[in-house]
Amino acid sequence: RFARGNGVVKLAADMQVNAHESQVRIIGLLIKQVGDDIGGQAKLCAAVPGMRGTLLELPRCAGLVEPMLRATPGGERVAIEVGDIVAAPPRDASYDTAILRAVVQVLGPEAAARTVRNAAACLRPGGTLYIIGGGILDDDRLGPPPAVFLNLTFLNFYAGGRAYTESEHRAWLAEAGCSSVHRLQLPSGRTAIVATKNPKES
């Protein structure tokens, strides 16, 4: 999980650089993974002074997540919002950072594109969207090897899930009104696609 070890420190440092002020607001957007990102949210809040987080969870998961979150250092600065990122954006549209961790890879192409749009919708102009997972493929679909392996896994585990290429991520992000897209390698071995929400047109 990206929440472990130096991966958190690198991601937190990257967020701090991209923050427009000392009070950083992040939202973690999850589906189908009870508590899988709790440690990451809490550790990021603990690592960055002034950071506050929100964890968007499905109704059936929110009640299970809360006690685990409260028992995690930094968890006191993470609120829980009930929602479904595939269906609709979070209520607030002024977050500095949104994190989609291991989300798009369990979805079919249309649902994945919609999820990226909904995630971008909760960001302020200039905010940063991180799409994190082990299943981000090179455009030739031949590497990196862990992503190729996970692609086979997703095809067998999820009705529409699969690993997607960097270009597919770029296309979704452009449609969602984001730019400055780049790929970030985390010390954990996972890959993040990072993008910035475009300023509002005058």
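Biologist: Is histidine 169 buried or exposed?
Modeller: This is a predicted model, and in it histidine 169 has a relative accessibility of 1%. Buried means under 20%, so histidine 169 counts as buried.

Biologist: Which helix holds histidine 169?
Modeller: Histidine 169 is found in helix α6, which covers residues 166-175.

Biologist: Which residues is histidine 169 in contact with, leaving aside its neighbours within four places in sequence?
Modeller: The contacts are Val104, Ile131, Ile136, Tyr164 and Ile193.

Biologist: What lies 2.8 Å from a polar atom of the histidine 169 side chain?
Modeller: That is the backbone oxygen of threonine 165.

Biologist: Which residues of α6 are buried?
Modeller: They are Glu166, His169, Trp172 and Leu173. These residues lie on the same side of α6, because they cover an arc of only 125° around the axis. On the other side of α6, Ala174 and Glu175 are exposed.

Biologist: What do the buried residues of α6 pack against?
Modeller: They pack against helix α4 (109-121) and against the strands β5 (123-133), β6, β7 (164-165), β8 and β9 (191-197).

Biologist: And what follows α6?
Modeller: Glycine 177 follows α6, and its phi is positive, near 85°.

Biologist: Which residue other than glycine has a positive phi?
Modeller: Arginine 141 is one of them, with phi near 65°. Arginine 141 is placed in the loop between β6 and α5. Serine 180 also has a positive phi, near 50°, and serine 180 belongs to strand β8, residues 178-185.

Biologist: Is serine 180 buried or exposed?
Modeller: Serine 180 counts as exposed, because its relative accessibility is 53%. Arginine 141, at 36%, counts as partly exposed.

Biologist: Let us change topic. How many salt bridges does a search of the whole structure find?
Modeller: The search finds seven salt bridges. As background, side chains of opposite charge can pair when their charged atoms come close.

Biologist: Which residue forms a salt bridge with glutamate 175?
Modeller: Arginine 117 does, and the closest N and O atoms are 3.0 Å apart. This pair links distant parts of the chain, since arginine 117 is in helix α4 and glutamate 175 in helix α6, 58 residues apart. Arginine 117 is partly exposed, with a relative accessible area of 33%, whereas glutamate 175 is exposed, with 52%.

Biologist: Which residue does arginine 183 meet in a salt bridge?
Modeller: The side chain of arginine 183 meets that of aspartate 138, at 3.1 Å from N to O. Here too the pair links distant parts of the chain: arginine 183 is in strand β8 and aspartate 138 in the loop between β6 and α5, 45 residues apart. Arginine 183 is partly exposed, with a relative accessible area of 26%, and aspartate 138 is partly exposed, with 29%.

Biologist: Which residues are linked with Asp138 and Arg183 in a network of salt bridges?
Modeller: Glu166 and Arg170 are linked with them in that network. Glu166 is also one of the buried residues of α6.

Biologist: Going back to arginine 141, which glutamate does its side chain meet in a salt bridge?
Modeller: It is glutamate 168, with an N to O distance of 3.6 Å. Arginine 141 lies in the loop between β6 and α5 and glutamate 168 in helix α6, so the pair ties together parts that are 27 residues apart in sequence. Glutamate 168 is partly exposed, with a relative accessible area of 29%.

Biologist: One last topic: how many cavities of 30 Å³ or more are counted?
Modeller: The count comes to one cavity, and about 60 Å³ of space lies in the largest cavity. It is lined by 13 residues, and the closest to its centre are Val104, Gln105, Gly135, Ile136 and His169.

Biologist: Which element gives the largest share of the lining of the largest cavity?
Modeller: Strand β5 gives that share, with three residues.

Conventions
Residues numbered from 1 in each chain as written. Predicted model: local features only at pLDDT ≥ 70, side-chain atom pairs only at ≥ 80, totals over all residues. Heavy atoms only, no water. Helix = DSSP H or I, 4+ residues; strand = E, 2+ residues; numbered from the N terminus. Buried < 20%, exposed > 50% of the residue type's maximum accessible area, 1.4 Å probe, protein only. Polar contact = N/O pair within 3.5 Å; in protein donor to acceptor, adjacent residues only side chain to side chain. Contact = heavy atoms within 4.5 Å. Arc of directions from axis to C-beta. Salt bridge = Lys/Arg side-chain N within 4 Å of Asp/Glu carboxyl O. 1 Å grid on protein atoms, 1.4 Å probe; cavity = no way out; pocket = protein on both sides within 12 Å on 5 of 7 lines; lining within 4 Å. Points joined across faces, edges and corners; volume = space filled by probe spheres on them.
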